[in-house]
Amino acid sequence: MSAFPPGSTIGILGGGQLGRMLAMAAARLGLKCHIYSDHSGPAFDVAAACTVGAYDDLDAVRRFAEAVDVVTYEFENVPCETARAAESVKPVRPGVKALEVAQDRLVEKQFISALGIPVAPFAAVDCETSLDTGAATLGLPAILKTRRLGYDGKGQVRLSSAADLTTARAAIGAAPAILEGMVSFDIEVSVLVVRGIGGETRVYDVPHNTHANGILYTSSIPAPIADKARTRAEQIAGGIAAALDYIGVLAVEMFYCGEAATEPLIVNEIAPRVHNSGHWTIDACAVSQFENHIRAVAGWQLGATARHSDAVMQNLIGADVDAWEKLATEPSAGLHLYGKNEPRPGRKMGHITRISPKTGD
């Protein structure tokens with residue numbers, strides 16, 4: 001398979017900030033991007049072409065695919081039918097299988113577990129009886145999550161005692177769900193792995209992630225984990241990417257439970273796209289996660305994933321962005337604003353990455 005040369009057009013399903021940063025990375029390589037989204041978004045400001053259309057308008061999706069050379073997506077809830085419609089015209093990278101797995105938390109847990117990779121204990125919940133049975137099997141506390149949709153803490157409810165069982169399903173709209181047992185862990189980490197069309201795989205260093213109100217707040221690199229665990233985390237991410245026959249950047253979120261634990265690393269979930277916990281790569285690596293995703297999708301050789309600096313990436317959420325003028329004056333910091341007009345609570349408005357001299361190997 002030959003690489004798409006400079007001047008080629010990458011089609012991106014989705015117009016959010018991830019699409020924006022993908023388009024900016026593509027432009028650096030002389031590639032153009034055409035955005036398809038059901039509404040205008042941050043990516044529209046920087047793309048060579050944009051189309052507003054419904055994701056279920058499959059004829060419009062096919063026309064969009066005809067106008068580009070290859071298609072990718074910037075969020076994991078692109079309808080599978082939409083991706084298949086595009087795939088009937090042009091290559092879609094990553095493929096539809098990654099969407100099928102990542103869009104359903106039960107399917108995702110079963111898929112990863114079947115690879116021999118540890119996940120949190122879980123049970124399918126589709127009625128009150130299965131919820132009661134799952135709670136009795138897994139024990140409480142536990143977390144009830146919708147099988148589909150939901151992110152940044154949405155679509156889930158914590159069950160602390162048996163009394164919570166009576167209202168839990170109503171709290172998530174009685175949607176098909178999965179009950180997850182609680183995992184005792186030290187910190188949360190993630191692995192950003194990029195896989196090319198020939199199966200070449202490269203991995204970025206592992207960040208330590210912290211959250212506020214269910215939303216990623218900081219990613220700090222390197223994570224304070226043992227080298228053995230770091231190597232194992234990279235192996236896990238590479239194994240999942242290979243099993244999906246994946247092309248592009250894949251994020252694998254994990255719990256690090258300490259070296260004394262029976263399972264030091266437990267996979268929480270995957271995201272078949274560039275990921276918030278990898279934004280630090282723009283400022284701390286020669287080739288960011290966004291550029292490497294574009295390279296993979298376009299069939300280019302992958303770029304180096306080594307970091308030249310340590311980094312702490314902080315999301316600017318809601319009113320945090322109002323301090324943009326002060327943040328823009330910080331030394332050794334890269335400010336990235338997404339062009340969103342309204343700083344609503346819980347909304348990611350941008351991020352800032354503070355870099356420092358590299359430590360460790």
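Mentor: Before we start, contact here means heavy atoms within 4.5 Å, and please keep in mind that this is a predicted model.

Trainee: OK, then where does threonine 9 sit, and what is it in contact with?
Mentor: Threonine 9 is found in strand 1, which covers residues 9-13, and, leaving aside its neighbours within four places in sequence, threonine 9 is in contact with Lys32, Cys33, His34, Val68, Asp69 and Val70.

Trainee: Is threonine 9 buried or exposed?
Mentor: Threonine 9 counts as buried, because its relative accessibility is 16% and the cut-off for buried is under 20%.

Trainee: How do strand 1 and strand 4 pair?
Mentor: They pair in the parallel sense, over four bridges, and the bridge partner of isoleucine 10 in strand 4 is valine 70.

Trainee: And which way do the residues of strand 4 point?
Mentor: From strand 4 (residues 70-73), Val70 and Thr72 point one way while Val71 and Tyr73 point the other way, and all of them are buried. In a regular strand the side chains alternate between the two faces of the sheet.

Trainee: Switching topic, how many salt bridges does the structure hold?
Mentor: The structure holds 17 salt bridges, and one of them is formed by glutamate 291 with arginine 28, where the closest N and O atoms are 3.3 Å apart. That pair links distant parts of the chain, since glutamate 291 is in helix 10 (residues 289-297) and arginine 28 is in helix 1 (residues 17-28), 263 residues apart.

Trainee: Which of those two is buried and which is exposed?
Mentor: Glutamate 291 counts as buried at 3% relative accessibility, whereas arginine 28 is exposed, with a relative accessible area of 60%.

Trainee: What does aspartate 104 form a salt bridge with?
Mentor: Aspartate 104 forms a salt bridge with arginine 147, and the closest N and O atoms are 2.7 Å apart. Here both partners are in loops, aspartate 104 between helix 4 (96-102) and helix 5 (105-114), and arginine 147 between strand 6 (142-146) and strand 7 (156-159), 43 residues apart. Aspartate 104 counts as buried at 5% relative accessibility, while arginine 147 is partly exposed, with a relative accessible area of 24%.

Trainee: Which residues are linked in a network of salt bridges?
Mentor: Asp205, Arg230, Arg307 and Asp310 are linked in such a network, and within it aspartate 205 forms a salt bridge with arginine 230, the closest N and O atoms being 3.1 Å apart. Aspartate 205 lies in the loop between strand 10 (201-203) and strand 11 (208-212) and arginine 230 in helix 8 (residues 227-243), so the pair ties together parts that are 25 residues apart in sequence. Aspartate 205 is buried, with a relative accessible area of 15%, and arginine 230 also counts as buried, at 14% relative accessibility.

Trainee: What does isoleucine 240 touch?
Mentor: Not counting residues up to four places away in sequence, isoleucine 240 touches Ile112, Leu115, Ile117, Leu250, Val252 and Ile270.

How values were computed
Residues are numbered from 1 along each chain as its sequence is written. This is a predicted model: local features need pLDDT of at least 70, side-chain atom pairs count only at pLDDT 80 or more; totals for chains, interfaces and linings use all residues. Side-chain values use heavy atoms; hydrogens and water are left out. Helices (H or I, at least four residues) and strands (E, at least two) are DSSP runs, numbered from the N terminus. Buried means under 20% relative accessible area, exposed over 50%, partly exposed in between (1.4 Å probe, protein chains only). A salt bridge is a side-chain nitrogen of Lys or Arg within 4 Å of a carboxyl oxygen of Asp or Glu. Two strands pair if DSSP finds at least two bridges between them.
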